[in-house]
Amino acid sequence: MVERKVTMKKVLCILLAVAMVFSFVGCAKKTEKYIIATDTTFAPFEFQAEDGSYVGIDIELLAAIAEDQGFEYELQPLGFSAAVTALESSQADGVIAGMSITDERKQKYDFSAAYYDSGVVMAIAADNEEIKSYDDLAGKRVAVKTGTEGATFAESIKDQYGFEIAYFDESPFMYEEVKAGNSAACFEDYPVMGYGISQGNGLKMVTDMEKGSSYGFAVLKGKNKDLLKMFDEGLKNIRENGKYQEILDKYISQG
């Protein structure tokens, strides 16, 4: 009888040990660290600071959402194309890189709710009091950056408002053109212009944003549903508690 009690005690100990092992496994699974890939240079969403760290809207939004939802991640700045490749080859669990949500991309990826709605604005020299709307551009010249949404938008309205277009390869050259008075205004992606103004580029916005693309956090289609759900829930929470707007205001200014 004594021997049987000892045996039962050993069995209970073994069962308890097994339960603890499974408990530890469960905890380890909950604290899984996700690999999140991003671009390397797309200010103000992600770019490298002077100390070598990566900063920007995407970087801070991800950090705030992860803190809100209690998940861990490792950020991998790879460049946009490499980030997408890493996602498709399952080397990354998600991508946040100013990635436009398109019907074509939806065939391969599942997207979060849009965390940023981009678009085009018109900007003029900060001391210019004459240009207030598209109507004031008649007979004048405007500057655009080749290949951007800003250039496409300017081209779509130039005949309606009677202005000419000057093309530039880099945004800083376009800004200097406007500040020098050689062009009355320029058209630029809202977040890019907003960041430039916050950094003292000498311009100001004078129009509302014309709707463009929306950015979303992406996972491979059918994969990492829990991560996507946490991103959406965290995004909703930081919008409600003001953290989202705080992050945007840090990087974007209308002048």
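How many residues apart in helix α8 are Lys243 and Glu246? Some notes on the salt bridges follow.

1. Keep in mind that this is a predicted model, where local features need pLDDT of at least 70, side-chain atom pairs count only at pLDDT 80 or more, and totals for chains, interfaces and linings use all residues. Residues are numbered from 1 along each chain as its sequence is written, and side-chain values use heavy atoms, with hydrogens and water left out.

2. On the opening question: Lys243 and Glu246 are three residues apart in helix α8 (residues 243-251), so about one helical turn separates them. Helices (H or I, at least four residues) and strands (E, at least two) are DSSP runs, numbered from the N terminus. The two residues form a salt bridge, with the closest N and O atoms 3.4 Å apart. Lys243 is partly exposed at 31% relative accessibility, and Glu246 is partly exposed at 48%.

3. The structure has nine salt bridges, each being a side-chain nitrogen of Lys or Arg within 4 Å of a carboxyl oxygen of Asp or Glu.

4. Glu177 and Arg141 make one at 2.1 Å, N to O. Glu177 sits in helix α5 (residues 171-179) and Arg141 in strand β8, so the pair ties together parts 36 residues apart in sequence. Glu177 is buried at 9%, while Arg141 is partly exposed at 34%. For reference, buried means under 20% relative accessible area, exposed over 50%, and partly exposed in between (1.4 Å probe, protein chains only).

5. Lys204 pairs with Glu129 in a salt bridge, closest N and O atoms 3.4 Å apart. This one links distant parts of the chain, 75 residues apart: Lys204 is in strand β11 (residues 203-205), Glu129 in the loop between β7 (116-125) and β8 (141-145). Lys204 counts as buried at 17%, Glu129 as exposed at 52%.
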